[in-house]
Amino acid sequence: MIIDKFNRIHNYLRISLTDNCNLRCKYCMPEEDYAFMPKSQLMSAEELEQIASVFVSMGVEKIRLTGGEPLVRKDAGDIIGRLSKFPVKLTLTTNGTRLHEFTNLLQDAGVQSLNISLDTLDADKFMMLTRRDHFSRTMDNIHLMIERGFHVKLNMVVMKGINDNEIIDFIALTKNLPLHVRFIEFMPFTGNQWDSDKVITWQQIVSLAQEHYDVLPLEREKHDTAKKYIVPGHAGTFAVISTMSSHFCGDCNRMRLTADGKLKNCLFSQSEVDLLSPLRHGLDIKQLIQDCIAQKYKSLGGQFTNDFERIDATHLQNRSMIAIGG
Ligand code: SAM
Ligand code: SF4
């Protein structure tokens, strides 16, 4: 078992397959020219499988593939196939643009649940936010995944003055569709122009929802990152991931492996532990994993508190989100 000094058992690994992406979301990818990692620096499919097998032998029960965009990696299908052989719940966070090419493969791999990111229901705004023209394809694929029986969670990063006017429209989507919308409070990462003024909080989102609907809270399950709600009679639900205003680090079970094989014990950790180089030298990486998690801070990577108005984002030390794997 992988346990930190606060007795939190870590059994959930999020693996970034690549820092490359076919979208350019402004809040995720730095504005200035971003150089993608060279292929030689990335874990190969074999290395990724080897590292994952070590984590599984240490008690990991759930693996999420992310990125960058995991499905732009040419051998994504091969990797999904390899990981599907482990006794874990395998899942994926994706921008949805390529899901139609992977539907059968994902079903064959036993994937049941998908997180798809969509920040607006307006095609022009999608273009402005992602700098790419993939709105229709994303929407079509969200519908396709629902039709094909996947449990679909829709991730929407809420930013003041940009898409906060669409919160009610997103909740309205859950009326007839079995969709689970997750509003994510805007988080600071290197190069993403974060400002506390752009954050719309959990409390603000729920108040707004209550002005339009009867809203019932749903019970929190262990390790939940989302505070969940339902509008009675709706087919789907909505939730808020309140990292900035009310963190959920108390029973955190998550670890993150970057595409270049570095282990981060928290989304906001400054430090990371290289697992790939030791693996390439034939060394045992188990102790490195234990030591990395043992160093985990109690909350938010030790970098800030929920008094988020006071954060000076220029002082945070981290990668950009696209290079971490959200
Ligand atoms: N490309 C995939 C996608 O977009 O779903 C997976 C990677 S993306 C980094 C994972 C999630 O992180 C997405 O839902 C994205 O919206 C979210 N994300 C990225 N930057 C963020 C930020 N600054 N604050 C909050 N969420 C963010
Ligand atoms: Fe790409 Fe996802 Fe980041 Fe958007 S949020 S740039 S889709 S990795």
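Colleague: In which helix do Asp78 and Arg82 both lie?

Modeller: This is a predicted model, and Asp78 and Arg82 stand 4 residues apart in the chain, about one turn of a helix. The element that holds both covers residues 76-83 and is helix α2.

Colleague: How far apart are the closest N and O atoms of Asp78 and Arg82?

Modeller: Side chains of opposite charge can pair when their charged atoms come close. A salt bridge requires a nitrogen-to-oxygen distance within 4 Å. Asp78 and Arg82 form such a bridge, with their closest N and O atoms at 3.2 Å.

Colleague: Is Arg82 buried or partly exposed?

Modeller: Asp78 has a relative accessible area of 39% and is therefore partly exposed. The limit for a buried residue is under 20%. Arg82 has 19% relative accessibility, so Arg82 counts as buried.

Colleague: Where in the chain does the salt-bridge partner of Asp260 lie?

Modeller: Asp260 forms a salt bridge with Arg319, and the closest N and O atoms are 3.3 Å apart. This pair links distant parts of the chain, 59 residues apart. Asp260 is in the loop between β10 and β11, whereas Arg319 is in the loop between α9 and α10 (321-324).

Colleague: How many salt bridges does the structure hold?

Modeller: One of the pairs is Lys228 with Glu221, whose closest N and O atoms are 3.3 Å apart. The total for the structure is 14.

Colleague: Which are the edge strands of the open sheet?

Modeller: The sheet has 12 strands with mixed pairing, in the order β7-β8-β9-β6-β5-β4-β3-β2-β1-β10-β11-β12. An edge strand here pairs on one side only, and this applies to β7 (216-217) and β12.

Colleague: In which sense do β1 and β10 pair, and which residue of β10 is the bridge partner of Tyr12?

Modeller: β1 and β10 are joined over 4 bridges, and the pairing is parallel. One of the bridge pairs involves Tyr12, whose partner in β10 is Arg254.

Colleague: Over how many bridges do β1 and β2 pair?

Modeller: Ser16 has Thr66 in β2 as its bridge partner. β1 and β2 pair in the parallel sense, and the number of bridges is 5.

Colleague: Which residue of β3 is the bridge partner of Arg64?

Modeller: β2 and β3 also pair in the parallel sense, over 4 bridges. The partner of Arg64 in β3 is Thr91.

Colleague: How many residues of β4 are buried?

Modeller: Strand β3 (residues 89-94) and β4 run parallel and are joined by 3 bridges, with Leu92 facing its bridge partner Leu114 in β4. In β3, 5 of the 6 residues are buried, so β3 is largely enclosed by the rest of the structure, and β2 (residues 62-66) is mostly covered, with 4 of its 5 residues buried. Strand β4 (residues 113-117) is likewise largely enclosed, because its buried residues number 4 of the 5.

Colleague: Which elements do the buried residues of α9 pack against?

Modeller: In helix α9 (residues 286-294), the residues Ile289, Cys292 and Ile293 are buried. They cover an arc of only 95 degrees around the axis, so they lie on the same side of α9. The buried residues of α9 pack against α1 (45-57), β10 (254-257), β11 (262-264) and β12 (273-274).

Colleague: What is the phi of Arg131?

Modeller: Most residues other than glycine have a negative phi. Arg131 is in the loop between α4 (123-130) and α5 (135-147), and Arg131 is partly exposed with a relative accessible area of 28%. The phi of Arg131 is positive, near 55 degrees.

Colleague: What is the phi of His223, and where is this residue placed?

Modeller: At 24% relative accessibility, His223 counts as partly exposed. His223 is not a glycine, yet its phi is positive, about 70 degrees. Its place is in the loop between β7 and β8 (226-230).

Colleague: What is the area of the nonpolar surface patch that includes Ile3?

Modeller: Ile3 lies in the segment before β1 (12-16). Its relative accessibility is 31%, so Ile3 counts as partly exposed. Together, Met1, Ile3 and Ile9 make a nonpolar surface patch of about 270 Å².

Conventions. Residues are numbered from 1 along each chain as its sequence is written. Chains are lettered from A and ligands numbered from 1 in the order in which they are written. This is a predicted model: local features need pLDDT of at least 70, side-chain atom pairs count only at pLDDT 80 or more; totals for chains, interfaces and linings use all residues. Side-chain values use heavy atoms; hydrogens and water are left out. Patches are made of residues with over 30% relative accessible area and no salt bridge: like charges are joined within 9 Å, nonpolar side chains (Val, Leu, Ile, Met, Phe, Trp, Tyr) within 5 Å. Accessible areas come from the Shrake-Rupley method with a 1.4 Å probe; for residues, only the protein chains shown count as cover. A salt bridge is a side-chain nitrogen of Lys or Arg within 4 Å of a carboxyl oxygen of Asp or Glu. Helices (H or I, at least four residues) and strands (E, at least two) are DSSP runs, numbered from the N terminus. Buried means under 20% relative accessible area, exposed over 50%, partly exposed in between (1.4 Å probe, protein chains only). The arc is that of the directions from the helix axis to the C-beta atoms. Contact means heavy atoms within 4.5 Å. Two strands pair if DSSP finds at least two bridges between them.
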